[in-house]
Structures are given as structure tokens and as C-alpha cells.
Amino acid sequence: MYRFLILLICLIQPPDSLNTVQILGLFPKHRNVFSRYLNANQNSHWSIQSMEMFRTAIILADRYKIYVDGHPINGTILQTNTNSNGFAELELVCRSITNTTEHDVLGVVGPTSSTSARYLAPFAAHIGLPLVSYTASNADLDDTFNYPTFYRTIPSDILTAEAIVKLFKYYSWITCSMIIGNDDYGYGGLKLLSENYYANLSIQERLVFDPRVDKFQADLKQTLEKSRSRIILVWANHSSSTRIIQHALYAKLLGNSSAIGVNETLQKEAFNIWRNLSHDRDNVPEHVSSVSLEAMYTFDAVWALVQALNKSMLNNTSPSMKKSSTCFDSLLQNHDEYLMHVNNTSFFGVSGHIQLSKINSSDRGYGTMYGLYNVQSTTLKNNRGERELTYIKVLTWYETTRNWTNSTNEDNTYIIWPNNETTQAPADYPQLRGQHLRILVIDAPPFVIVHNSSIPKQLSTYAKILERIRSNPVHLKTNDSNILIYGFVANFIHELAMRMNFTYKINVADPSTAYHSLVALVAEDDRQYDIVLSNIAMTSDRMLKVDFSTPFHEDTFRIITRLNPYSSSLSLFSCFNPFTWDVWVAIFAVIIYSSIIIYVFEHQNRTIENNQSELKTILIGICHGLTSILIMNSDIRLTTTSSRLTILGLYALGMILIAIYTANFSSFLTLNRGQSFISGIDDIKNGVLPFSRIGIVTNSAVSDYYIRNISTHYYSLSSVEETYSRLLDHTIDASIWDSSILEYAVNNYYCNELIVTGVGFIKSSFAIVLPKNWLYKKDLDVNIVSLRESQKLELFEKVWMNHRECSSSSSSSSLNHVDGPKSETFSINTLGGVFLMFLIITAIAFGFHIWNCRIPTCNLLESDQPTLNIDQWNLLSNLVHCFDENNGYGFVEHFIEDQNRLPLKLRFKYPSVDANVLSIYTHIHK
């Protein structure tokens with residue numbers, strides 16, 4: 001059952017007047033209709049009180065001896081029909097003006113409605129007659145050019161609209177449905193709010209009530225129940241407002257209480273004046289709060305004219321009516337001075353400070369107040385046994401501060417809201433409280449895990465998972481007694497239902513149902529479901545057909561494939577994978593470069609008997625460089641500092657390269673054991689796999705993406721479950737789906753069989769599918785955001801999406817962000833610094849080489865001039881040769897070479913060393 005909060009802005013219409021020297025009073029005819037909501041009407045109708053206050057003001061003027069040309073001011077009451085269009089009031093006033101048997105009309109108090117004022121005000125301006133209304137508050141009447149002689153003691157609708165907007169801001173309301181009367185007052189209020197305050201207040205629905213036929217232009221109950229706001233603003237006069245409230249009660253649209261806003265600027269002096277001056281004391285209300293505002297405004301309207309007439313008499317410029325047989329030919333003489341005194345009128349009246357001025361508008365100057373009253377039931381009962389209603393003031397708006405403040409009576413500052421046990425203000429949007437939702441879900445672990453007790457499961461892994469989910473306290477029943485649902489969505493629905501107090505019925509869709517079809521079920525006019533809740537992503541095409549709630553989960557697309565794919569191939573050059581080819585070229589260049597500079601450094605120090613060719617020497621240098629990089633022993637002896645420094649750089653370079661290669665190659669081999677043969681979506685786009693080997697679930701957000709961005713050719717799948725089956729039987733090699741669902745399946749059901757590869761791409765948002773313009777969308781969005789702020793959604797994700805039954809080594813979690821083997825390959829950009837350090841070391845070696853070549857002993861043989869003849873050189877040569885053969889150095893050298901050829905354990909044993917020493921000693925002795 002729907003309940004609404006009605007904010008009622010009441011305007012009560014009063015009647016006409018009398019003669020002159022007289023003032024006419026226009027008042028509506030009294031009907032025996034009493035308001036159930038206002039204490040002011042429990043004793044008498046407001047119109048009766050207004051007529052009494054009109055007579056009170058006239059009597060008070062007589063007692064104060066305020067006369068015009070020695071004659072007292074009389075008052076004439078003209079009663080009008082509340083449903084008149086203005087011509088009736090104009091006709092009554094014209095007859096009084098042209099009636100030669102009556103006194104001159106010097107002013108009119110009224111009319112009651114803004115519609116009637118539109119007819120009377122131009123006529124009054126034409127003949128110079130002041131018109132002071134006590135209830136016509138339409139803002140259009142502020143036009144001083146068209147209505148120069150129109151005044152009013154009731155505040156303008158401009159202030160009323162401002163007070164209403166401030167009240168909505170006070171309660172954080174931004175929307176309302178508006179019911180207006182079919183008159184200028186109602187349409188004027190609608191115009192003010194819709195044109196001047198559209199940024200602060202959004203009017204969702206508009207209803208027009210015609211009091212002449214007592215009907216709305218549209219069905220009241222149907223319109224309000226479909227409205228996107230639960231705050232109803234009634235902008236109508238008093239009689240229309242009463243009928244509107246009665247219609248709402250009959251339609252059961254209201255609760256036991258509501259808030260009513262009425263104009264309130266009461267002063268305690270008003271009650272005393274009425275009690276002392278009224279000719280009928282029995283009709284005087286017992287309490288000041290029972291005096292209607294219209295009666296107060298009526299008194300001040302009469303008194304403003306009396307004050308102006310008094311000033312005119314003091315200045316000897318009293319007005320008089322020049323009558324004519326034709327109403328429009330009549331003219332109020334001395335009306336300029338008279339109207340000037342009306343404009344300058346300023347006094348403290350019974351409704352507050354009155355200061356009429358036509359400088360900016362026809363409004364009273366200042367002192368306006370508005371009160372907010374809460375209608376509540378009392379313990380008293382009427383004749384039919386129903387509890388009587390009363391109203392309690394809770395807030396007051398002052399024109400001076402232009403803000404709502406609590407009432408001075410602390411006991412009355414609370415509000416009883418409809419169907420609300422607390423004093424907290426309700427939201428202005430429709431709420432799901434008490435509603436029944438038909439919810440459709442589809443099996444999609446971990447979001448929706450469906451357990452059908454009539455279907456036995458034999459898998460041991462499934463048994464473990466079932467045991468775990470059964471231990472979860474949150475499981476929801478469905479329309480099938482054999483089916484329960486668990487998972488993220490079950491927790492989500494349970495939490496929303498607890499917060500929002502709605503009931504629900506869950507249906508589980510067939511697993512083969514396409515996701516686009518699920519969305520279409522909500523878009524139908526005769527839909528069987530109110531919402532669809534599962535892993536349904538928001539897309540632009542779907543948003544044209546349905547609405548979505550605020551997202552409750554963010555996800556991405558991922559690729560799933562087999563752990564050991566059927567189409568994998570062996571690479572002959574996989575051992576080179578740790579380094580890129582430019583690094584291998586750099587290593588080979590370093591070997592050639594180091595062999596050449598070693599040859600340069602050692603060329604001058606070769607022994608004379610070593611007759612090796614230049615090419616052989618270079619090849620030996622290459623072998624030396626290679627063994628140095630590979631950190632192997634070499635028998636080549638170096639004699640220069642530059643060569644040794646170069647070899648030191650090669651050793652350092654070799655150690656770093658070997659360490660990097662070993663670690664990276666081990667990592668490569670480890671990853672390659674469980675790595676898929678595609679690295680991500682780019683491989684699919686580049687055609688690494690045939691499109692016919694890629695499985696896509698049709699009529700889904702994934703298929704829309706695939707067709708739009710990749711290809712129209714693929715292997716069609718009807719459900720996600722079929723994806724896993726087709727991968728395992730080698731029908732397809734890869735498929736694309738939501739990462740959360742794929743990772744959950746791989747980590748719990750398909751251990752060491754399937755793998756999720758590559759990084760996530762194309763972010764998607766999961767949201768609840770709603771019908772277009774659903775009334776409760778805002779209420780649902782607010783509660784979803786509240787769940788996110790309280791970290792409830794994060795808790796649900798942690799419970800369901802982070803769970804794994806597989807071991808971490810066999811699951812996809814360690815490979816979630818590996819983009820193939822190439823991501824572990826080192827390039828020349830990474831290792832360039834190592835090669836640069838080696839070049840710096842060789843540059844230092846060149847520096848040592850150049851420095852050594854500058855020493856004179858290096859070129860001693862070239863600089864000395866020989867002084868021996870040929871025979872002497874031959875004798876010296878023979879002597880050196882004889883020494884070389886008999887000095888024992890050759891024996892030692894040959895012995896060391898022979899020992900180096902032996903295994904390490906057999907080298908330089910004691911018997912062999914002793915025999916070699918003895919042989920050298922014997923040879924030298926000979």
C-alpha cells in the first residue's frame with residue numbers, strides 16, 4: 001500500500017464589502033464545510049471569522065472617531081460564489097458604485113482569489129479605486145504597471161515559493177509531485193516553482209484539480225503511485241485543498257499523519273481586538289490559535305484603507321466618488337492624494353507590520369512568517385469512533401532570516417511521519433519498503449552458485465565446494481523447492497532485503513539462456529520479472545532497452561585456454577630465449593674484439609723460436625676470449641699488463657652474463673611448463689589462432705565486443721559451461737569471458753587442466769537490470785552505494801572470489817599477468833651497461849699499452865748500432881745456443897708441459913719430480 005507525505009500550502013478565499021462613505025468587503029458565501037485538519041475551523045469557518053474581523057475594523061474606526069467629511073466609515077459585505085470567475089465580483093462592485101442610494105465607495109477589501117483579482121484590479125485602476133486583497137497572493141499581481149491600485153496584506157507567492165524551497169532543502173528533498181487548483185493561484189504557484197526554482201526542486205508529476213466538478217484531470221491514485229517522488233505539494237485555495245485531502249484519504253494514499261504548511265503571522269493583539277469589539281461574543285474563538293490568518297489579513301486590509309482615509313481628511317483632500325450611470329464612467333476624485341497615502345501606509349497590524357508600497361510590488365513590506373504544522377491523531381474520538389486529528393507547529397520560517405527554525409515550544413518540535421516509527425524525515429523518492437520483487441538469476445559461479453538437490457554430483461572437487469558453500473549461512477530459496485542459490489548474489493540480495501525491507505521471489509533461468517534474452521525479459525511491457533541480478537554487464541546497446549542500477553562489481557575480460565594445448569610446437573632455438581638476438585651478437589663481437597687487442601698487446605713479446613702465423617695467433621686469442629667469458633681455465637700465458645687487464649674485464653663480463661642467463665633460462669623453463677601458447681588478446685587479433693578455434697558465448701557482451709573489434713568468425717557457444725567442455729575435448733583452443741568467473745572455475749574446478757592467460761582487457765561493470773524508468777531505481781542505487789561505503793561488497797568479494805580449491809602452483813593466479821615468454825627476455829637496452837664497462841676496461845688497457853711502448857728499453861735493439869763483425873756474431877750465437885741446450889731450462893719446461901697433460905690427481909707426484917731433478921743434475925754435470 002502506498003503512503004505519501006503531503007505538504008499543503010493553504011490559501012483561504014474571503015468575500016466582499018459594503019458602502020461609503022463606505023468600504024466594500026468581498027467574501028465567499030459560507031458553506032457548512034469544516035476542515036478536519038485546522039483547529040481554526042473547529043469552531044467556525046474562516047470566512048465567518050474574516051467577516052467578523054471586517055466588521056471589527058469598521059467598528060474600531062468609528063470608536064476612534066475616524067470620519068470622512070464628518071461621516072463615519074461604513075462597511076458593506078458582499079458575498080460571492082467561490083467558484084466564480086471574476087465577473088460576478090465585478091458586477092457586484094459596479095452595482096454598488098453606480099447605486100445612487102448608497103454611500104460612495106472609497107475602497108474594496110478583496111477579492112478572495114487571484115483569478116477574480118485579475119478582473120477587478122484593472123477596473124479599480126481605471127477609476128482610481130484602491131483594491132486591498134487579503135488572500136490573492138499570485139505573484140503576477142505584483143505588476144505595478146497593469147495593477148497600480150492593487151494592494152494586499154497576505155504575503156506574495158514569491159515568499160511562499162522561497163519558503164517551500166528552503167523547507168525542501170531543510171529535509172534534503174529535491175523532488176515532489178504537485179497538485180494545483182484550476183485557477184490563477186494554482187497555475188501561478190506552478191509557474192513560480194518550475195521557472196524560478198527548477199534547479200532546486202524538480203516537479204515529477206502535475207495534477208490539476210477542478211473544484212467546480214470536484215475532479216482531477218487525471219486519475220489521482222494511479223498518477224501518484226507511478227510518480228518518482230513521494231512528497232506531494234498541494235498548491236490550492238482552502239476549499240480545494242480540503243477536497244484534495246479528502247480524495248487522497250478515500251484513495252488510501254495518506255498515512256496517519258502529514259505535514260501542512262500555512263501562513264502564520266499571528267499577534268496576540270488580534271484576539272483581544274476581536275473579543276472587545278465583536279458584536280457577537282459567542283462566535284469569538286476561545287484561543288488566539290483558533291483565529292484564522294485570513295481573518296487577521298482582513299482586519300489589516302480594512303485598517304490600511306481607514307488609515308489612508310484619515311490622512312486624507314487631515315490634509316483636506318478627502319476622496320469622493322463621481323458616480324455615473326455607467327460603471328466604467330465613474331471616477332474617484334482626489335484619488336492621487338488618496339493612493340499616495342495608501343502607498344505610504346505603515347502600521348503594526350494584527351498580522352504583523354504592514355507597509356504597503358508600490359515601488360517594487362504590491363506586497364506588504366516585511367514581517368512575514370510561515371509555520372509548518374504536523375497533522376497528528378489525538379486520543380479523542382468522534383461520533384463514528386474515529387480518532388480526531390489536530391495539528392502541531394514544528395517549524396517557523398521568518399522573512400527576516402529566510403530560514404526555517406524549530407518551534408519555540410520544544411515539546412512540539414517533532415514530526416510523526418507517515419508509516420515511520422522515528423522522527424527522521426523520509427526520503428522524497430519511492431522506496432522499496434513493503435514491496436515484493438520478482439528476481440531472475442542465472443547460474444554463474446561465484447556470483448550465482450545453484451545447488452539442485454535432485455541432481456547428484458560425483459566429482460570430489462565439487463563435493464568439497466558444496467560442503468563449503470553449505471556451511472555459508474546465507475542461502476536463498478527459489479520457486480523450485482529443490483533449488484537453492486549461494487554465492488555473491490545470494491549475499492547481496494539478502495543484505496539489500498534486510499536494509500530495504502522488501503520481500504522477493506527468485507527464479508533461476510535455464511543455463512543455456514542467452515544474456516541478451518535475460519535483459520529482454522525485463523524490457524517487456526508484460527514482464528514477469530522486476531529485476532535480473534547476475535554477472536550482467538552494462539553496455540550501450542542494453543541501456544537503450546533497460547536501465548541499470550549503480551554497478552556493484554567491476555570486472556574485465558580474460559582469455560582461457562588449456563594448460564597443455566593440443567597445438568603446441570617445439571622450438572629448436574628455445575635455449576637462446578633468455579637473451580635477444582642483439583645481445584648474442586654483442587657477445588660474439590666482444591670475443592672477436594678482445595682476441596684482436598690481446599694479439600696486439602702480445603705481438604712484440606712472442607719468443608723468437610715461436611714461428612706461429614698471424615692468423616693462428618688471432619685464433620688463439622679468440623679461444624682465449626671465449627674461455628674467459630665462459631670462466632674456463634686456459635693454458636695461454638700472457639706477458640703484458642694490458643692483456644691481463646683485458647682478461648680481467650672478460651672474466652667480470654662473463655660472470656655477469658652467465659649468472660643472468662642461468663637465472664633467466666631456469667625461469668623460462670619453469671614458466672614454459674604451464675604457459676599457454678597465446679599471451680593475450682593481441683595474439684588473437686593478430687591471427688595466432690584460427691578464428692574457428694576461438695569459442696565465444698553468443699548473444700552476450702563478449703560476443704558484441706568480439707564481432708565489433710576482432711572478427712565475425714568464431715566457434716559459437718551457448719553457455720560458459722560449454723566453454724570448459726569444448727576446451728577439454730580440443731574443439732577450441734581459447735575463449736573469452738569475465739575474469740572473475742574464469743579464475744573461479746580454474747582455481748576450483750579445472751586444476752592443472754585450464755589456465756587464464758594474459759592481462760585483463762575491456763573493463764566492464766556488473767549492475768542490476770531494471771525496467772526503464774523504474775520507480776525504485778534511486779532507492780536501490782542509494783543502498784548499493786551504502787553497501788560499498790560500508791565495505792560489505794568487498795567482504796562478499798573476499799568470501800567468494802578469492803577462494804581456491806586448487807594449489808597455488810596449479811592455478812592461474814601466478815600467471816595472471818605473464819604476457820608470454822618474451823616478457824622474460826633481456827635485450828641490449830637492459831644489458832648495455834655491462835658491455836660498456838668492458839669497453840672502458842679495454843680502453844684503460846690500451847692506455848697501459850701505449851705508455852709501455854714509450855719506454856726506451858722497449859726499442860733497445862733498434863736504437864743500438866752493432867760493432868761486432870760476422871765471425872764474432874756467429875761465435876756469440878753458438879755460445880748462446882750451447883747455453884740454451886745445457887742450462888736445464890728446457891728440461892723444466894718440457895717437464896711442466898708433460899705434467900699438465902696428465903689428470904690433476906697424477907700431476908707433480910714425488911717420484912716424477914725427483915726423477916726430473918736428478919736428470920737435470922746429471923745433464924749439467926756432464
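Predicted model: local features only at pLDDT ≥ 70, side-chain atom pairs only at ≥ 80, totals over all residues.
**Salt bridges**

A search of the whole structure finds 21 salt bridges.

Select K323 and D104. Their side chains meet in a salt bridge, at 3.9 Å from N to O. The two residues belong to distant parts of the chain, 219 residues apart. K323 sits in the loop between β14 and β15, while D104 sits in the loop between α3 and β6 (105–109). How accessible is K323? Its relative accessibility is 24%, so K323 counts as partly exposed. D104 has 24% relative accessibility and also counts as partly exposed.

Next, select D142 and R152. Here the closest N and O atoms of the salt bridge are 2.4 Å apart. D142 lies in the loop between β7 and β8, and R152 in strand β8, 10 residues apart. Buried or exposed? Both D142 and R152 are buried.

Now select D140 and K191. This salt bridge spans 4.0 Å, N to O. D140 is in the loop between β7 (131–133) and β8 (150–152); K191 is in helix α6, 51 residues apart from D140. D140 has a relative accessible area of 30%, so D140 is partly exposed. K191 is partly exposed too, at 39%.

**Helix α6**

Which residues of α6 are buried? Colour D184, Y185, G186, G188, G189, L190, L192 and L193.

**The disulfide**

Switch to the cysteines. The whole structure holds one disulfide. Select C94 and C327: their sulfur atoms are 2.3 Å apart. What is the handedness of this disulfide? The torsion about the S-S bond is about -75°, so the disulfide is left-handed.

Show the surrounding elements. C94 lies in helix α3 (residues 87–98), and C327 in the loop between β14 (320–322) and β15 (331–333), so the pair ties together parts that are 233 residues apart in sequence. K323, from the opening stop, is in the loop between β14 and β15 as well.

Check burial. C94 counts as buried at 11% relative accessibility, and C327 counts as buried at 9%.

Finish on C176. Its relative accessibility is 0%, so C176 counts as buried.

Key:
Residues numbered from 1 in each chain as written. Heavy atoms only, no water. Disulfide = S-S within 2.5 Å. Helix = DSSP H or I, 4+ residues; strand = E, 2+ residues; numbered from the N terminus. Buried < 20%, exposed > 50% of the residue type's maximum accessible area, 1.4 Å probe, protein only.
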